[in-house]
Amino acid sequence: NNNALVNQPYACFYMSISENLELLSKGIPLDPLPEAKLIDESVPHAPARTGKLTQKEKRLALQNALRYFPEEHHEVLAPEFAEELNKYNHIYMYRFRPTEYTMKAHSIDLYPSKTKQAAAIMLMIQNNLDKNVAQFPHELVTYGGNGCVFQNWAQYHLTMYYLSQMTEEQTLIMCSGHPQGLFPSHKEAPRCVISNGMVIPNYSSKEHYNRMNALGVTMYGQMTAGSYCYIGPQGIVHGTTITVLNAGRKYLNLSDLSGKVFVSAGLGGMSGAQAKASLIAGAVGVIAEIDENALEKRYNQGWVKQKSTSIDEVLKLIREAREKKEATSIGYLGNVVDLWERLAEEDELLVELGSDQTSCHNPYNGGYYPVGLSFEESNEMMVQDPAAFKSRVQESLKRHINAINTLSEKGMRFWDYGNSFLLECGRAGADVMNNNNDGFRYPSYVEDIMGDIFSLGFGPFRWVCTSGNPEDLKKTDEIAAQVIDELRQTCDELPKQQYDDNYIWITQAQENKLVVGSQARILYADALGRIKIAQSFNQAIKNGDITAPVVLSRDHHDVSGTDSPYRETSNITDGSYFCADMAIQNCIGDSFRGATWIAIHNGGGTGFGEAINGGFGLVLDGSDDAKRRAEKMLFWDVNNGIARRSWARNSNAMYSIKKAMELEPLLKVTVPNLTDDNLINSLFSDDENNNNN
């Protein structure tokens, strides 16, 4: 019939993709070996790593890499891998990068698997490595300069093979990118358990990490890179939008940011969201970027509206937008220190809000580019002369903070975006400490803006429509909007602002064109909102209104997911901000309450050794079992963090955990008794403390 004729080309195309993806079930391609591949200059590439090894250690790294391959291939592969190690200080195994199929999130039905849970994980992995999503896709880096999915391409092939073979009576164990194997478990267990960068505490330093990563024995998973849950820059767009809006409310006493200027740095994988967030918040966003490719990507995407290589022109554009009260985003191609210093020289204060999203958790290996060096010069110096490059970075950070200090004295409000910017400034000897010299002069955005929102239980809840069909995503948007609208009509006054902000966000999500990669969405919701949205999605799948399973997830940067003293737990004031019980307990608790996969990482946005963070994926398939899992797991996943924050005497968290106990009679949480400050101060005076010191 005519319909069959019309659909035939699509059916053939669909079958062709399916046949190519069958290669995922074959494991590491060995017979024959793939042809050696040249570096593909059409995509960005990671700079060489700094993990210099001794000759003895290089031999060990090569042995570690070759153990993935039968001995008959070693004579061909050994010199090739040795060359990679010498050139990049890491063995990526470029020869094994797949080119037979497009690396992207395909429809879940195309993946060779014995269970949809495994197919969903395969989809999420491929999305993290999509060249339109990942920062350095051929080095398996999703974002943040070094946030990896795997250490090498052999690990990718082996992992996909195991997932294609997995049943619901097995669990895949992933250790820093290495697939340790499928182990017998049971249907209620997670299908995959991931750990990344877990190191004995005394050896959890950047120096040890660089060496161990070069050896091929550990990996930096960042947050959602190594847990397979990244959804492109949309996630950070939402978080940055919420941050800028609430900064305006707190610092400027304004809900309307028309004509107000927000200045920052970075247009990369995560930081690129700042331009779009400025537009959505209604502000004038001015974002500096040293890498022309990164700026052009955001400009072509429409997130950067105007661009210039001239600071004079940037200042002209700022003045025009301020006068017109016009929301815009201006990309400055150049070093942010030059921009800050010029703004500081102006008699007129041209910027009200400021931050920084350079990858300062990795400052000496491409995360921060010092003033006075070009992008290319920096990439060369960081490898050829690391000591000189470190010195240039530290001098740059001193100038950077001096300009910010000048503007702050004029009235600008600045916050650290949890990227270790202030921490690295302090380590560089910059003038960044407060008057008491017991902390930084500027707050972390969690400490000052987002912490109270987390304490209400609101955080970055995400989902991915595994059909790949935009109509399914549109349906989920409509469902989520309805749920949030109902909750904002009946909630208490304290959480109402969050519901209102997120209702606006989700109702405008389609027109803001936020999707990059998988058909995914994010909004901030509390436990009640997450559970109701999940229940509604599951019912819609059961009814056929959504055509395929939906993966639920969240950023690790959430209420309960991360212990990080300079970011997620920076507003914990009982002295426990260096403790990591919450993130560990959260991961363990998710594992036996219904998560499809779980992850626990060392590091995150603040750097190796600076945080412990975890996440999950949960597949909704329309079954009663999925509904039960979602209800149990999501309730725990949020309220664990609220309980910890409540015990630290955060008033919002104390309110929220009491509300949670009213909703769930089985929840019994230890709440703190508050003390009289006058009583405490009478027993330990400041003078006595000073004398003891």
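Below are my entries, grouped by topic.

**Ground rules.** I am working with a predicted model, where local features need pLDDT of at least 70, side-chain atom pairs count only at pLDDT 80 or more, and totals for chains, interfaces and linings use all residues. I number residues from 1 along each chain as its sequence is written, and side-chain values use heavy atoms, with hydrogens and water left out. My helices (H or I, at least four residues) and strands (E, at least two) are DSSP runs, numbered from the N terminus.

**α4 against α5.** I looked up how α4 (residues 116-128) sits on α5 (residues 153-165): the packing angle is about 160°, and the axes are 9 Å apart. The angle makes α4 roughly antiparallel to α5. For the record, under 35 degrees counts as roughly parallel, over 145 as roughly antiparallel, 65 to 115 as roughly perpendicular, and the rest as oblique. Axes are lines fitted to C-alpha atoms, for helices over the stretch in contact, and angles run from 0 to 180 degrees between N-to-C directions. The crossing of α4 over α5 is left-handed (the near helix is turned anticlockwise from the far one by less than a right angle; clockwise would be right-handed). From α4 I list Ala 118, Ile 121, Met 122, Ile 125 and Gln 126 in the contact, and from α5 Tyr 156, Thr 159, Met 160, Leu 163 and Ser 164; contact means heavy atoms within 4.5 Å. Sorted by class, that is seven nonpolar, three polar and no charged residues. The classes: Ala, Val, Leu, Ile, Met, Phe, Trp, Tyr, Cys and Pro are nonpolar, Asp, Glu, Lys and Arg charged, and the others, Gly among them, polar.

**α2 against α3.** Here α2 (residues 55-66) and α3 (residues 74-88) pack at about 130°, axes 10 Å apart. They are therefore oblique to each other, and α2 passes α3 in a right-handed crossing. Among the contact residues I noted Leu 62 and Leu 66 of α2, and Leu 77 and Phe 81 of α3. By class I get nine nonpolar, two polar and one charged.

**Cores.** Which residues touch the most other members of the largest nonpolar core? In that core of 140 residues, they are Phe 81, Ile 125, Tyr 156, Tyr 228, Trp 463, Leu 552 and Trp 597. α4 gives the largest share, eight residues. I also found a second, separate core of 47 residues, including Val 371 and Tyr 442. A nonpolar core is a set of buried Ala, Val, Leu, Ile, Met, Phe, Trp, Tyr and Cys residues joined through side-chain atoms within 4.5 Å. Buried means under 20% relative accessible area, exposed over 50%, partly exposed in between (1.4 Å probe, protein chains only).

**α8.** Eight of the nine residues of α8 (residues 273-281) are buried, so the rest of the structure largely encloses this helix. Lys 276 is one of the buried ones. The cover includes α7 (234-251), β6 (261-265), β7 (284-289), β9 (328-333) and α18 (493-512). Gly 282 follows α8, with a positive phi near 85°.

Most residues other than glycine have a negative phi, and most peptide bonds are trans. I flagged the Asp 31 to Pro 32 bond as cis, omega near 0°; Pro 32 is in the loop between α1 (2-21) and α2. Met 93 is not a glycine, yet its phi is positive, about 65°. Met 93 lies in the loop between α3 and α4 and is buried at 0% relative accessible area. Gln 222, in the loop between α6 (206-215) and α7, has a positive phi near 50°. Gln 222 counts as buried too, at 3% relative accessibility.
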